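Dear colleague,

Please find the structure for your review below. My notes on what was found in it follow directly after.

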There are 2 protein chains.
Amino acid sequence: MTDEERLSWAYLSRVAEPPCPELADLVAAVGPVEAAVRIRAGKVDPELGRLTEARKNIDCAAADLAVLDRRGGRLVTPLHDEWPALAFTAFNGPAVQEKSRGSAPLVLWVLGPQRLDEVAMRAAAIVGTRACTHYGEHVAGDFAAGLVDRDVAVVSGGAYGIDGAAHRAALAAEGCTVAVLAGGVDVLYPTGHSALLHRIAGSGLIVSEYPPGVRPARHRFLTRNRLVAALSGATVVVEAGLRSGAANTASWAAAMGRPVCAVPGPVTSAASAGCHVLLRGDAVLVSRCDEIVEIVGRIGELAVDPAHPQTRLDHLTETERVVYEAIPGRGVASVEQIAVDAAMPAHQVLGPLAVLELAGLIFEVNGGWKLAQTPETP
Amino acid sequence: MTDEERLSWAYLSRVAEPPCPELADLVAAVGPVEAAVRIRAGKVDPELGRLTEARKNIDCAAADLAVLDRRGGRLVTPLHDEWPALAFTAFNGPAVQEKSRGSAPLVLWVLGPQRLDEVAMRAAAIVGTRACTHYGEHVAGDFAAGLVDRDVAVVSGGAYGIDGAAHRAALAAEGCTVAVLAGGVDVLYPTGHSALLHRIAGSGLIVSEYPPGVRPARHRFLTRNRLVAALSGATVVVEAGLRSGAANTASWAAAMGRPVCAVPGPVTSAASAGCHVLLRGDAVLVSRCDEIVEIVGRIGELAVDPAHPQTRLDHLTETERVVYEAIPGRGVASVEQIAVDAAMPAHQVLGPLAVLELAGLIFEVNGGWKLAQTPETP
């Protein structure tokens, strides 16, 4: 890529508020250099003219790239090998007024040592409310640590609460984590997470479609959420109130045909109410990290069933169990009494009684039968 | 019904372990009196002969009915108006070895002032583990109280834990609750619940397909669970471990085509693990009583959506919101600065600015604009 091309991409990244399908169409048609020339000259169709009018004369592309270079970052365009496979073809955004956010990003500003395309091939988004509970923080951390242990990258938004817990746990487990920002990669937001985001840039990835210096804003968070979903094989909502950005991320994932998972919590917890709404819809309930790996991992990486509690009666046949149950909890029962209670002919209870005695579950007393232990009632 | 018929029904209720489809077939073919005569004489086909051999000579029907009469109870048969509509036609039990339990009960032994058929038309089962947590107890009580407030009867198994919490809350709310027992209606089990079961018999219903004196046993709990499901428009599992009778009740409900609901809980709680397994299957997540009423109630009794948190920005258009966001959190921005940040032509931000000023969200300072309050970030 020539310097002129790189400068053009950087200029285009700022000239319209991303994502801008009209701009993407022009770049696809004439290339970035010519697209930049036409926009500067105002020689574009009226709609793109309107979308670029306010910023077309602001050219800080060189300065933006200098900021990026100083931080050791890179501008990744669809022409780079590192460009990730994003699921932006033919999908409908969660709401009509958000349709314009449905298209792919024009470029990505990236910091960090990992390769974005490789990371995105095996990644899960762990997202949730900033107003999380200790429970949510615990689960987010537990899942994130488990995912990176299984070589799945943890994508999130760098926010307080669930996002932060997921990033921190991934870092603590020396795994790869990706923070997708709603502003420039040099605007570490929230400021209380600047140390965390620096650490992420040191071992994982910081990604933004906004050029340096752009402040996060409400609409940019919503736009950013679609990138979180697009970079992840599944989106896991750990805790979300009834009105939460995490639900927005989940709806982006669903619109892209990517699996949406949600973690249940107490129905008495407002921080889980949004998860429960998702679970009453099409979201998949996840209670263990393995269940996420099963979705984002390779075919055949199935979650192992958790061990079920066992009892000493598990290996008995149905008939043996009925005979066992026919022996009273206290005292001794004759074969005839057992036969009546079990509703079986007396000669048919003798075989089961012998099996039960061999299993150490009952013993004989004066020609009758007694339980070897207090039976558990089911 | 003649005394002879009543005595025959009572005799038949004990002569084979219920449910016994072979016995039901015979009664359907020749009536209860003739069926009893043939069984006593051993003049039945070999399989039914085997099933009735141990008990055919035990005739305590008169004594059983005397016990029932002393308690003010009644024997309800399919010939009575009170016989409930049970969903036992053409369904498969949860497991092959339990197939025989899938058929309808022969008769029901009933205590209590309510009409079983009417109660069953508007009832929900609230079931769960005996080893419940305070959370589960709270939710069971909350749902049960809410259901009876909405005139829905609460069906359960009378056990410790979730069952007991549901029954108690229904009684406390002066509503109708039904305990389905795994033994005779005179064997109040568990003994710690005998006072509770007496209270239920006083205002609601105690139901069993077992004649008086029959002890509860493991296989009878499983058989009883199908009746809990069959008497209820939906089965709600509040808390259940990975191995819980509640999951068995749920599988009966599912096999009968009745809705299965489960209450989520913390993924860290073993008492919710069974609910989460159900929710990863076809069970419906319920977090509020209204959502159960919506299922078991009349058509159109829809759960009201919970109030979502509102913000002052909710009524703004997308464009107005972008303009609002373009004003920095601190300081004053000129119209030109706002236009650049919003990526809109300067003349197009004037309208939105006026709307925002009228809404009290921003104000003018020396020709620039300032936020009226610290904006919430999403």
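Predicted model: local features only at pLDDT ≥ 70, side-chain atom pairs only at ≥ 80, totals over all residues.

Is Tyr189(B) buried, partly exposed or exposed? Tyr189(B) counts as partly exposed, at 30% relative accessibility; here buried means under 20% relative accessible area, exposed over 50%, and partly exposed in between, with a 1.4 Å probe and protein chains only.

Residues are numbered from 1 along each chain as its sequence is written, chains are lettered from A and ligands numbered from 1 in the order in which they are written, and side-chain values use heavy atoms, with hydrogens and water left out.

Aromatic pairs

A search of the whole structure finds two aromatic pairs over all chains. Rings of Phe, Tyr and Trp (its six-membered ring) pair if their centres lie within 6.5 Å; planes under 30 degrees apart count as stacked, over 60 as edge-to-face and the rest as tilted. In chain A, Tyr189(A) and Phe221(A) form a tilted pair, 5.8 Å centre to centre with 55° between the planes. Tyr189(A) lies in the loop between strand E5 (177–180) and helix H8 (194–203) of chain A and Phe221(A) in helix H9 (residues 218–230), so the pair ties together parts that are 32 residues apart in sequence. Helices (H or I, at least four residues) and strands (E, at least two) are DSSP runs, numbered from the N terminus. Tyr189(A) is partly exposed at 29% relative accessibility, whereas Phe221(A) is buried at 9%.

In chain B, Tyr189(B) and Phe221(B) form a tilted pair, with 5.8 Å centre to centre and 55° between the planes. This pair also links distant parts of its chain, 32 residues apart: Tyr189(B) is in the loop between E5 and H8, and Phe221(B) in helix H9 (residues 218–230). Phe221(B) is buried, with a relative accessible area of 9%.

Backbone features

Most residues other than glycine have a negative phi, and most peptide bonds are trans. The bond from Tyr189(B) to Pro190(B) is cis, with omega near -5°, and Pro190(B) is found in the loop between strand E5 (177–180) and helix H8 (194–203) of chain B. The bond from Pro18(B) to Pro19(B) is likewise cis, with omega near -10°; Pro19(B) lies in the loop between helix H1 (3–15) and helix H2 (21–40) of chain B.

Ala343(A) has a positive phi, near 55°. Ala343(A) sits in the loop between helix H14 (335–342) and helix H15 (346–358) of chain A and is buried at 6% relative accessibility. Asn366(A) also has a positive phi, of about 50°. Asn366(A) is placed in the loop between strand E10 (362–365) and strand E11 (368–371) of chain A and is exposed, with a relative accessible area of 81%.

The interface

Contact (heavy atoms within 4.5 Å) joins 64 residues of chain A with 63 residues of chain B. Across this interface the rule finds 10 salt bridges, each a side-chain nitrogen of Lys or Arg within 4 Å of a carboxyl oxygen of Asp or Glu. One salt bridge is between Arg243(A) and Asp314(B), at 2.4 Å from N to O.

Yours sincerely
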